[in-house]
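Subject: Structure handover

Hello,

Here is the structure I promised to pass on. Please open it alongside this note.

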Amino acid sequence: MRNIFLFIRKFSNFLFFLVLQIFSLYFLFTYNKFHEAAFMNVAGEFTGRISQRYNNVQYYFQLKSTNDSLVKQNTHLLNLLRQNYEAADSSTKFFTDTLRVDSLLTIQRFKYYDAKIVGSFVSMQNNYLTIHRGSNQGLPKGKEWGVISPDGIAGRVVTVGDNFSVIMSVLNRQFKVNSMLKKGGETGPVSWDGDNPLYLRLINIPKSAKVAKGDSVITSNVSDIYPPGIMVGTIAEIIDDKSSNFYILKLKTATNFSNLQFVYVLQDLQREERQKLEDPYKKGK
Amino acid sequence: MSTLVKNIIRFALFILLQVFVLHQVQPLHKFITPYLYFLFIIWLPFSMSRGLLMFIAFIFGLTLDYFLKTPGLHAAACVLVAYVRPFLVNMLIRQEGNEQNYASPSIVSMGWAPYFTMVFILTLLHHGYLVFLEWMQFGTFLYFLGKVLATTGISMLLILITEILFFRKEKFRTNTV
């Protein structure tokens, strides 16, 4: 017994070193796996507030580009209005689809929340964004919600705090989204290889597909957090992988992450029903 | 200004500088991330016990981690730096007893060459460990090697500039009076 105490006293510094290392590595690996870390909520409130101060200043420098992208999105939405369509042919008749009146919200799938970005990084391998909206502002806790910007997809929510939330950006090694070519409909996963924050990587597109530079890539019909048809990026480079039957496509991101100021969080109202159906089959795998 | 107040101000300044200046720089290459913040740990006084040094380094690293949403990553590297620093100081100090005569490691108290040897070894250790933890999750060996070397180069440059811009005049204290 005495020897044990002597040992502890002699190597107290080294043991303390080991204890601190174990603490840090435990924090790191649990966060990478489940995106839950000790004190993350409390710390998120604190760092969020400081980031917000910084953003108040920095926001001014990006007002112009933020405004431009919002106007562009507005124009796109205005073009979809029913009043804009008028056929000269009198045999065509427009009428309101009765299904569109959805006062009980039984068929609405996605609910949009706007959110101001207060902290963002593009310079790391795993990038996260902080938004100023949390459970006090109506964002439900505990689930992963899709996040889109006015120009395209932006990421997904990983931690919802009281007033601030953390978003895993598309520019994150752990991020993956199922997407498809707008022209042909071939689907494949999009991820980021950590190389350049302007480019993503789309794989598993068979060589039989017709691809050209500049083609749009959008979220697919089977994506579980995004509605179909949201822009992911445009093809910037086609890499012909000689060893397989698939192309590797380099995509230019639709969203410019370095001056992103506003995003929309998408709450999937039908998620629970879908998960309840799918879960028994996922467990069996 | 007392050492405590000075170090609290430094703590905040280094964190803010790292988060809102150096990490906002547009990435030049995937190998290059400018890191300067761990200079705080190198600048802590000689008189601190190793346990306290490691504890402060842990809190310091964790604070940065919560800003960057990587809980534990920088804390682990900072604790390693704090653990190794006293060994290097003992090995590299110019004159015996200088750690009693001067307050903290600097060019004045240790001399140019020993001080920068210490800083270089600690920088290399810090980045080596940091990138190693990243490498365990993704990346290749070339990524590991390239990133450690490139990041160390950039960090040494930043530290050199900082040391010249904010030259710390250390008072020679003696206990003979």
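This is a predicted model: local features need pLDDT of at least 70, side-chain atom pairs count only at pLDDT 80 or more; totals for chains, interfaces and linings use all residues.

**The barrel in chain A**

Start with chain A. Six of its strands close into a barrel. The order is β1-β2-β5-β4-β3-β12, and the pairing is antiparallel. From one strand to the next, the twist averages 45 degrees.

Look at one pair in that barrel. β1(A) covers residues 110-120, and β2(A) covers residues 126-131. These two strands are antiparallel and joined over three bridges. A:Ser120 has A:Leu129 of β2(A) as its bridge partner.

A helix lies across part of this. Helix α3 of chain A, residues 40-58, lies across β1, β2, β4 (153-160) and β5 (165-172) of chain A. The helix runs at about 70 degrees to β1(A).

Is A:Ala154 buried or exposed? A:Ala154 counts as buried, because it has 29 C-beta neighbours inside 10 Å and the cut-off for buried is 20 or more.

Which residues touch A:Ala154, leaving aside neighbours within four places in sequence? They are A:Val147, A:Ile148, A:Ser149, A:Ser169, A:Val170, A:Thr255, A:Leu260 and A:Val263.

Move on to β7 (residues 187-191) and β8 (residues 199-206) of chain A. They pair in the antiparallel sense over two bridges. Here A:Ser191 stands opposite A:Arg201 of β8(A).

β8(A) also pairs with β11(A), residues 246-253. That pairing is antiparallel too, over six bridges. In it, A:Tyr199 faces A:Lys252 of β11(A) as its opposite residue.

**Helices in chain B**

Now chain B. Two packed helices are described by the angle between their axes and the distance between the axes. For α1(B), residues 3-20, and α3(B), the axes come within 10 Å and cross at roughly 35 degrees. The crossing is right-handed.

Both helices give residues to this contact. From α1(B) come B:Phe11, B:Ile15, B:Gln18 and B:Val19. From α3(B) come B:Phe60, B:Thr63, B:Leu64, B:Phe67 and B:Leu68. By class, that is seven nonpolar, two polar and no charged.

**The nonpolar core**

The largest nonpolar core has 98 residues. Those with the most contacts inside it are B:Ile41, B:Ala57, B:Cys78, B:Val79 and B:Val81. The element that gives the most to this core is α4(B), with 12 residues.

B:Cys78 is worth a click. Neighbours within four places in sequence aside, B:Cys78 is in contact with B:Phe38, B:Ile41, B:Ala57, B:Phe58, B:Phe60 and B:Gly61.

**Where the chains meet**

How many residues does each chain give to the contact? Chain B gives 27 residues and chain A gives 29 residues. On the chain B side, the elements that give two or more residues are α3 (50-68), α4 (73-92) and α7 (112-135). The largest share of that side, seven residues, comes from α3(B). By class, the chain B side has 16 nonpolar, seven polar and four charged residues.

Over to you.

Conventions. Residues are numbered from 1 along each chain as its sequence is written. Chains are lettered from A and ligands numbered from 1 in the order in which they are written. Two residues are in contact if their C-beta atoms, placed from the backbone, lie within 7 Å. Helices (H or I, at least four residues) and strands (E, at least two) are DSSP runs, numbered from the N terminus. Ala, Val, Leu, Ile, Met, Phe, Trp, Tyr, Cys and Pro count as nonpolar, Asp, Glu, Lys and Arg as charged, and the others, Gly among them, as polar. Two strands pair if DSSP finds at least two bridges between them. Axes are lines fitted to C-alpha atoms, for helices over the stretch in contact, and angles run from 0 to 180 degrees between N-to-C directions. A crossing is left-handed if the near helix is turned anticlockwise from the far one by less than a right angle, and right-handed if clockwise. A nonpolar core is a set of buried Ala, Val, Leu, Ile, Met, Phe, Trp, Tyr and Cys residues joined through C-beta atoms within 7 Å. A residue is buried if 20 or more other C-beta atoms lie within 10 Å of its own, exposed if 12 or fewer, and partly exposed in between; C-beta atoms are placed from the backbone.
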